[in-house]
Amino acid sequence: MSVESPIPRWVPGLMGLVAIFLVPWTLYLTFTLPSRHLTEHYDLAWVGFDVGLATAFAATAWAAYRRLRWLVPLAAVTATMLLCDAWFDVVTSQGGGEVVEAALEAAFGELPLAALCAYIVVDVERFVATVDRFRRPPTTAARRAALRAMSGDARAERRAAPTRPDRRA
């Protein structure tokens, strides 16, 4: 039995045509674009991108907190933006320490966060269950165990506790 998709039948064909068209376009750009280009609004481009990235993060966090159905697409957008940010930070660096800084930011910031977002996309049910587990208050037994462990008297309490009649001491 096949499930009816909400996506129109022509959409996959269109996406395939765009993918095919992008191959010669990329080759054309490879040979025609200059390797160096100065622009008037370089700062505005990065600030705008970072505002968009912050918005994507906020929307993803909000959707995760509220358990909204938009969580998966928002996490996908955030992951994509993080990957783009890492890529362009590294390739637009001016060498030396700037490249090292961009690579470290990518390796320890943007790429792990993108992986977290990808995990949300791939297994949203497990992610939401994990978030719910952290949001729930601890059980009474967990509180007691934590208090015993913090007091340092856990062993003494176990020794002093009466043994159950069905078990040997």
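Tutor: Helices (H or I, at least four residues) and strands (E, at least two) are DSSP runs, numbered from the N terminus. By that rule the chain has seven helices and zero strands. This is a predicted model: local features need pLDDT of at least 70, side-chain atom pairs count only at pLDDT 80 or more, and totals for chains, interfaces and linings use all residues. Residues are numbered from 1 along each chain as its sequence is written, and side-chain values use heavy atoms, with hydrogens and water left out.

Student: What pattern does the chain follow along the sequence?
Tutor: The pattern is α-α-α-α-α-α-α.

Student: And what share of the chain do buried residues make up?
Tutor: Buried residues are 16% of the 169 residues in the chain. Buried means under 20% relative accessible area, exposed over 50%, and partly exposed in between (1.4 Å probe, protein chains only).

Student: What about contacts in the chain, how many join residues at least 24 apart?
Tutor: Contact means heavy atoms within 4.5 Å. Take the contacts between residues at least 6 apart in sequence: 58% of them join residues at least 24 apart.

Student: Let's pick a residue. Where is Trp46 found?
Tutor: Trp46 sits in helix H2, which spans residues 42-66.

Student: Why does Trp46 count as buried?
Tutor: Trp46 counts as buried because its relative accessibility is 19%, and the cut-off for buried is under 20%.

Student: Which residues does Trp46 touch?
Tutor: Leaving out residues up to four places away in sequence, Trp46 touches Asp85, Phe88, Asp89 and Thr92. Asp85 is 39 residues from Trp46 in sequence, yet their C-alpha atoms are 9.2 Å apart in space.

Student: Which side chain makes a polar contact with Trp46's?
Tutor: The side chain of Tyr42 does, at 3.1 Å. A polar contact is a pair of N or O atoms within 3.5 Å; within protein, one must be able to donate a hydrogen and the other to accept it, and residues adjacent in sequence count only if both atoms are side-chain atoms.

Student: Over to H3. Is Thr78 buried or exposed?
Tutor: Thr78 is found in helix H3. At 0% relative accessibility, Thr78 is buried. Its contacts beyond four places in sequence are Leu53, Ala56, Phe57, Thr60 and Cys117. A polar atom of the Thr78 side chain also lies 3.2 Å from the backbone oxygen of Ala56.

Student: You mentioned Cys117. How many disulfides are there?
Tutor: A disulfide here is a pair of cysteine sulfur atoms within 2.5 Å. The count is zero. Cys117 is buried at 5% relative accessibility, while Cys84 is partly exposed at 32%.

Student: New topic: where is Arg67?
Tutor: Arg67 is in the loop between H2 and helix H3 (71-91). Arg67 is exposed, with a relative accessible area of 51%. Although not a glycine, Arg67 has a positive phi of about 55 degrees.

Student: What does Arg67 touch?
Tutor: Val128 and Asp132, not counting residues up to four places away in sequence.

Student: Last one: which residues line the largest pocket?
Tutor: Pro34, Ser35, Arg36, His37, Leu38, Thr39, Tyr42, Thr92 and Gln94 line the largest pocket. A pocket is found on a 1 Å grid over the protein atoms alone: an open set of points where a 1.4 Å probe fits, with protein on both sides within 12 Å along at least five of seven lines; lining residues have an atom within 4 Å of a point.
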